[in-house]
Amino acid sequence: MPRLPDPELQAEFYADVPTKRLLAFFIDTLAIILLVAGIVLLTALTGLFILPFLIFSVSFLYRAITIARNAATPGMRMMAIEFRTLDGEEISTPLAFWHTVGFSVSLAMPLLQVISIFLMLTSARGQGLTDHMLGTVALHRRAGT
């Protein structure tokens, strides 16, 4: 059974992960904007009538599906980070779903997002609020994976 790297003995797995998560967030946001724009164009602009719902739906599905399939969003993959459980296992589909729910709720409630960012910057493994609640962690991808 794989184990998570120790944050004190193998700090390189956690170095700069909060910064990389922020950069991944911007990359993923750009991808979501492009997907939503494509959908709006394909619907002959009628998608504009449900734009908030469309943005939420595309964002939710994008995150949940990509995390479930690859343990990371495309932005996270570009930044060479991935999610793991505290046991070091890849994140499961239900866990990816709940992680996306937690992420979405924290985006909707700025105080929770501030708490999450504070936790990422101060915890040994750089875990956000949702990570703490679900027992997940973002870390640098292991060599060869």
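**Close-up 1. Glu82 and Arg84 form a salt bridge.** Their closest N and O atoms are 3.0 Å apart. A salt bridge here is a side-chain nitrogen of Lys or Arg within 4 Å of a carboxyl oxygen of Asp or Glu. Glu82 is buried, and Arg84 is buried too. Buried means under 20% relative accessible area, exposed means over 50%, and partly exposed lies in between (1.4 Å probe, protein chains only). The model is predicted: local features need pLDDT of at least 70, side-chain atom pairs count only at pLDDT 80 or more, and totals for chains, interfaces and linings use all residues. Residues are numbered from 1 along each chain as its sequence is written, and side-chain values use heavy atoms, leaving out hydrogens and water.

**Close-up 2. Arg21 and Asp131 meet through their side chains in a salt bridge.** The N to O distance is 2.7 Å. This pair links distant parts of the chain, 110 residues apart. Arg21 sits in helix 1 (residues 17–42) and Asp131 in helix 6 (residues 129–134). Helices (H or I, at least four residues) and strands (E, at least two) are DSSP runs, numbered from the N terminus. Both partners, Arg21 and Asp131, are buried. The whole structure holds 2 salt bridges.

**Close-up 3. Phe60 and Phe97 make an edge-to-face pair.** A search of the whole structure finds 5 aromatic pairs. For Phe60 and Phe97, the ring centres lie 5.6 Å apart and the planes stand at 75°, so the pair counts as edge-to-face. Rings of Phe, Tyr and Trp (its six-membered ring) pair if their centres lie within 6.5 Å; planes under 30 degrees apart are stacked, over 60 edge-to-face, and the rest tilted. Phe60 belongs to helix 2 (residues 51–70) and Phe97 to helix 4 (residues 93–108), 37 residues apart. Phe60 is buried because its relative accessibility is 16%. Phe97, at 35%, counts as partly exposed. Phe56, Phe60, Phe97 and Trp98 form one aromatic cluster.

**Close-up 4. Arg63 lies over the face of Phe103.** The distance to the ring centre is 3.8 Å. A charge sits over a ring if NZ of Lys or CZ of Arg is within 6 Å of the ring centre and within 35 degrees of the ring normal.

Close-up 5. Among the buried residues of helix 2 are Leu54, Ser57, Phe60, Arg63 and Ile67. The 20 residues of helix 2 should span 28 Å at 1.5 Å a residue, and the end C-alpha atoms are 28 Å apart, which agrees. The expected span is 1.5 Å times one less than the number of residues. Ala71 follows helix 2 and has a positive phi, near 60°.

**Close-up 6. The largest nonpolar core has 13 residues.** Ile67, Met76, Ile81, Phe83 and Ile91 touch the most other members. Helix 1, strand 1 (81–85) and helix 4 each give two or more residues to this core. Such a core is a set of buried Ala, Val, Leu, Ile, Met, Phe, Trp, Tyr and Cys residues joined through side-chain atoms within 4.5 Å. Which residues does Ile91 touch, not counting residues up to four places away in sequence? They are Ile67, Ala68, Ala71, Phe83, Ala96, His99 and Thr136. Contact means heavy atoms within 4.5 Å.
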